[in-house]
Amino acid sequence: IVVNYFGSHLTKSATDSLLRDRPNMEVIVIDNSTDAEESLKLRQVLDPRIKLIINSSNTGFGAACNLGFVNTQAKFVMLLNPDTQVMPGCLDSLQAALEHQQELGAVSPAQFWEPSLNWRLPPAWLPTGVEMWCMEQAWRQRKAAQKMSTAYRNMALQAWQATGTEVLPQRALSGGAVLLRRSAV
């Protein structure tokens, strides 16, 4: 599922990467642009195998993903931002992780800032009440700031030093690139 909002050229690139990785996969694009010209551009540039759903209003990313979710019966559903691309073998690796570890409900790939794969993005930090309280303390106390910085740095280093084939527990996964197990959702 890819949600478009005035980014037909990006959406085409994202969906093309999905179809290169898995030519027969079901791909759904939800157009949140509410603009006839943008919808026409999508119809012109998207691969004919892609199911395009024109949303009647900009419902936001989450609601658009839900609309895509109810329009598929797939056992696993990938949410992908239009400004991203999957690398060859990505979907097979993610699906293998979910099939191998039944207790997992979602997995995300390693994510990189640029196509040469030199700059890996740090893991997401789940915004909980405790985390917000810690952040508040860090703004007020140097020692708390150092502890929080060290904790985040250690979490990021663990992710950055991973081989790419191992499953690393995370506090949160980005909805911009995540494979979900339907039964968990």
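Leucine 18 touches Val2, Met25, Val27, Leu80, Val86 and Leu91, where residues up to four places away in sequence are not counted and contact means heavy atoms within 4.5 Å. The structure is a predicted model, in which local features need pLDDT of at least 70 and side-chain atom pairs count only at pLDDT 80 or more, while totals for chains, interfaces and linings use all residues. Residues are numbered from 1 along each chain as its sequence is written, and side-chain values use heavy atoms, with hydrogens and water left out.

Leu18 also belongs to the largest nonpolar core, which has 22 residues; Leu18, Met78, Leu80, Val107 and Leu179 touch the most other members. A nonpolar core is a set of buried Ala, Val, Leu, Ile, Met, Phe, Trp, Tyr and Cys residues joined through side-chain atoms within 4.5 Å. Buried denotes under 20% relative accessible area, exposed over 50%, and partly exposed the range in between (1.4 Å probe, protein chains only). Two or more residues of this core are given by each of α1, β4, α4 and β6, and α4 supplies the largest share, five residues. Helices (H or I, at least four residues) and strands (E, at least two) are DSSP runs, numbered from the N terminus. A second, separate core of twelve residues includes Ile30, Ile53, Ala64 and Leu180.

Strand β4 (residues 76–80) is mostly covered, since five of its five residues are buried. On one side lie Phe76, Met78 and Leu80, and on the other Val77 and Leu79. Five bridges join β4 to the antiparallel strand β6 (residues 177–181); two strands pair if DSSP finds at least two bridges between them. Within this pairing, the bridge partner of phenylalanine 76 is arginine 181 of β6.

Phe76 is also touched by glutamine 95, which contacts Arg22 and Leu179 as well, again without counting residues up to four places away in sequence. Glutamine 95 is found in helix α4 (residues 90–100) and is buried, with a relative accessible area of 19%. Its side chain is joined to that of arginine 22 by a polar contact of 2.8 Å. A polar contact is a pair of N or O atoms within 3.5 Å; within protein, one must be able to donate a hydrogen and the other to accept it, and residues adjacent in sequence count only if both atoms are side-chain atoms.

In helix α2 (residues 36–45), Glu38, Ser39 and Leu42 are buried. Seen down the helix axis, the buried residues of α2 fall within an arc of 100 degrees, so they line one face of the helix; the arc is that of the directions from the axis to the C-beta atoms. The face turned away from this buried side carries the exposed residues Ala36, Glu37, Arg43 and Gln44. The covering of the buried residues includes β1 (2–4), α1 (8–21), β2 (28–31) and β3 (51–54). Aspartate 35 caps the N-terminal end of α2, with a side-chain oxygen 3.2 Å from the backbone nitrogen of glutamate 37.

The structure holds four salt bridges, each defined as a side-chain nitrogen of Lys or Arg within 4 Å of a carboxyl oxygen of Asp or Glu. One of them joins aspartate 16 and lysine 12 (2.7 Å, N to O); both residues lie in helix α1, four residues apart, about one turn of the helix.
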